[in-house]
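Look at the chain shown here.

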Amino acid sequence: MTDTPPDRLSNDPRSPFHDDSLLERGIGIRFNGQERHNVEEYCVSEGWVRVPVGKALDRRGNPMTIKVKGEVEAYFLTPAKE
């Protein structure tokens with residue numbers, strides 16, 4: 001494993017960008033210079049994060065999200081195993 005997180009990653013298991021092995025290591029997100037702990041999905045190259053909007057749910061019971069644009073930095077919370 002490398003110490004560089006992927007360009008795009010999602011918490012939603014239905015997404016093609018979901019990866020359990022990477023999520024187990026823990027991903028930290030710094031958005032516009034502030035630590036964010038409620039990010040559902042991110043993309044570093046396009047510069048956006050998807051965050052939940054309050055406690056609202058869609059008709060399938062998933063949280064409603066909004067895409068916010070800005071500077072995104074992703075990093076691993078735990079070091080890679082050798």
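Which residues make up the largest nonpolar core? This is a predicted model, and its largest nonpolar core has ten residues: Leu9, Leu22, Ile29, Phe31, Val39, Tyr42, Val49, Val51, Val72 and Phe76. In soluble globular proteins, nonpolar side chains tend to be buried together.

Take one core member, Val39. Leaving aside residues up to four places away in sequence, valine 39 touches Asn11, Ile29, Val49, Arg50 and Val51. Among these contacts, Ile29, Val49 and Val51 also belong to the core.

Now turn to the strands. Strand β4 covers residues 41-43, and strand β5 covers residues 48-57. The two run antiparallel and are joined by three bridges. In this pair, glutamate 41 stands opposite arginine 50 of β5. Strand β5 also pairs with β6, again in the antiparallel sense, over six bridges. Here valine 51 faces isoleucine 66 of β6 as its opposite residue.

Both pairs form hairpins, and the table sets them out.

| Hairpin | Residues between the strands | Glycine in the turn | Phi of that glycine |
|---|---|---|---|
| β4 and β5 | four residues | glycine 47 | positive, about 75 degrees |
| β5 and β6 | five residues | glycine 61 | positive, about 90 degrees |

What lies on the surface? Val53, Met64, Ile66 and Val68 make a nonpolar surface patch of about 300 Å². Strand β6 (residues 63-69) gives the largest share of the patch, three residues.

Is isoleucine 66 buried, exposed or partly exposed? Isoleucine 66 lies in strand β6. Its relative accessible area is 43%, so isoleucine 66 is partly exposed. Valine 51, which stands opposite isoleucine 66, is a member of the largest nonpolar core.

Finally, go to the segment after β7, where proline 79 is found. Is proline 79 buried or exposed? Proline 79 counts as exposed because its relative accessibility is 68%. Proline 79 still has contacts: with residues up to four places away in sequence left out, proline 79 touches Asp3 and Arg25. How far is proline 79 from proline 63? They are 16 residues apart along the chain, and their C-alpha atoms are separated by 30 Å.

Note on methods. Residues are numbered from 1 along each chain as its sequence is written. This is a predicted model: local features need pLDDT of at least 70, side-chain atom pairs count only at pLDDT 80 or more; totals for chains, interfaces and linings use all residues. Side-chain values use heavy atoms; hydrogens and water are left out. Patches are made of residues with over 30% relative accessible area and no salt bridge: like charges are joined within 9 Å, nonpolar side chains (Val, Leu, Ile, Met, Phe, Trp, Tyr) within 5 Å. Accessible areas come from the Shrake-Rupley method with a 1.4 Å probe; for residues, only the protein chains shown count as cover. A salt bridge is a side-chain nitrogen of Lys or Arg within 4 Å of a carboxyl oxygen of Asp or Glu. Buried means under 20% relative accessible area, exposed over 50%, partly exposed in between (1.4 Å probe, protein chains only). Two strands pair if DSSP finds at least two bridges between them. A nonpolar core is a set of buried Ala, Val, Leu, Ile, Met, Phe, Trp, Tyr and Cys residues joined through side-chain atoms within 4.5 Å. Contact means heavy atoms within 4.5 Å.
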